[in-house]
Amino acid sequence: MSYNRNPYLLSILCAIGLFVVGCTSSQKSTNGSTFNKTATGSIVQVTEDEYHIHMPTAFPGPIVSFHITNMGEHNHNFKIKGGSVEQQLPAEILPGQSADLTAHLAPGQYDIYCPLLGHSDLGMRLTVTVTQP
C-alpha cells in the first residue's frame, strides 16, 4: 500500500507519532527551569501544568529546596521518592500559586511526580539525579 494513495493513513500515522512524542517529552523537560547552587546544595525552580513537570533533571545536593509554581488550570502537588526519602507537599497547589519543599537528598536518582489521582499517568512524572555538592 502506498502512502501517496492513502493520505488518511499517513495522517493517522503522523498523529500517532505526535501523540507518542508528546506523551514522553515531559520526562526530561526543563522548559527553561533552573537551579541555583547554594553552600549546602541547591534551590530548584519547578513549574507544573497540565500534565508536565518542568525542572532540571540533575542538580547538587544534599539540601535541596524546590520552589514549585502551578502554571496550570488544575490543582497539582509535588512528591519526591527514592532511597529512604518520601516527601510531598502537605496541600495541593492551586492554579497560579507556589509552594516550597525542602529535602535532604543523598546523591542518586529520585522519582518526582504529582500524586493527585491520574496526574502521574498523564505525564506528571520524571526521574532526577542528585549529584555531589
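A residue counts as buried when its relative accessible area is under 20%, and as exposed when that area is over 50%. Phe78, at 0% relative accessibility, is therefore buried. The structure is a predicted model.

**Aromatic residues**

- A pair of aromatic rings is described by the distance of the centres and the angle of the planes.
- The structure holds two aromatic pairs.
- In one of them, Phe59 and Phe66 have ring centres 5.8 Å apart and planes at 85°, so this pair is edge-to-face.
- Phe59 is buried because its relative accessibility is 1%, and Phe66 is buried with a relative accessible area of 0%.
- Phe66 also pairs with Phe78, in a tilted arrangement with 5.0 Å from centre to centre and 45° between the planes.
- Phe66 belongs to strand β5 (residues 63–70) and Phe78 to the loop between β5 and β6 (79–82), so their pair ties together parts that are twelve residues apart in sequence.
- Phe59, Phe66 and Phe78 make up one aromatic cluster.

**Nonpolar core**

- In soluble globular proteins, nonpolar side chains tend to be buried together.
- The largest nonpolar core here contains 24 residues, and Met55, Phe66, Phe78 and Leu105 have the most contacts inside it.
- At least two residues of this core come from each of β2 (41–49), β5, β8, β9 (108–113) and β10 (125–131).
- Leaving aside neighbours within four places in sequence, the residues in contact with Phe66 include Val44, Val46, Met55, Ile80, Leu101, Leu105 and Ile112.

**Asp100**

- Asp100 lies in strand β8 (residues 98–104).
- Its relative accessibility is 53%, so Asp100 counts as exposed.
- Not counting residues up to four places away in sequence, Asp100 touches Phe66, His67, Ile68 and Leu89.
- The side chains of Asp100 and His67 make a polar contact at 2.6 Å.
- Asp100 and Ile68 are 32 residues apart in sequence, while their C-alpha atoms are 6.0 Å apart in space.

**The open sheet**

- Strands of a sheet pair through backbone hydrogen bonds, either parallel or antiparallel.
- Five strands form an open sheet with mixed pairing, in the order β4-β10-β9-β6-β7.
- β4 (58–60) and β7 (85–88) are at the edges with a single partner strand each, so one side of each has no neighbour in the sheet.
- On average, neighbouring strands of this sheet are turned by 25° against each other, with direction ignored.
- Three bridges link β4 and β10 in the parallel sense, and Ala58 stands opposite Thr129 in β10.

**Partners of β2**

- Strand β1 (residues 35–37) runs antiparallel to β2 and is joined to β2 by three bridges; Phe35 stands opposite Val44 in β2.
- β1 and β2 are connected by a hairpin through three residues.
- β2 pairs with strand β3 (residues 52–54) in the antiparallel sense over three bridges, with Asp49 opposite His52 in β3.
- The hairpin formed by β2 and β3 has two residues between the strands.
- β2 and β5 are parallel and share eight bridges; Ser42 stands opposite Val64 in β5.

Methods
Residues are numbered from 1 along each chain as its sequence is written. This is a predicted model: local features need pLDDT of at least 70, side-chain atom pairs count only at pLDDT 80 or more; totals for chains, interfaces and linings use all residues. Side-chain values use heavy atoms; hydrogens and water are left out. Helices (H or I, at least four residues) and strands (E, at least two) are DSSP runs, numbered from the N terminus. Buried means under 20% relative accessible area, exposed over 50%, partly exposed in between (1.4 Å probe, protein chains only). Contact means heavy atoms within 4.5 Å. A polar contact is a pair of N or O atoms within 3.5 Å; within protein, one must be able to donate a hydrogen and the other to accept it, and residues adjacent in sequence count only if both atoms are side-chain atoms. Rings of Phe, Tyr and Trp (its six-membered ring) pair if their centres lie within 6.5 Å; planes under 30 degrees apart count as stacked, over 60 as edge-to-face and the rest as tilted. A nonpolar core is a set of buried Ala, Val, Leu, Ile, Met, Phe, Trp, Tyr and Cys residues joined through side-chain atoms within 4.5 Å. Two strands pair if DSSP finds at least two bridges between them. Axes are lines fitted to C-alpha atoms, for helices over the stretch in contact, and angles run from 0 to 180 degrees between N-to-C directions.
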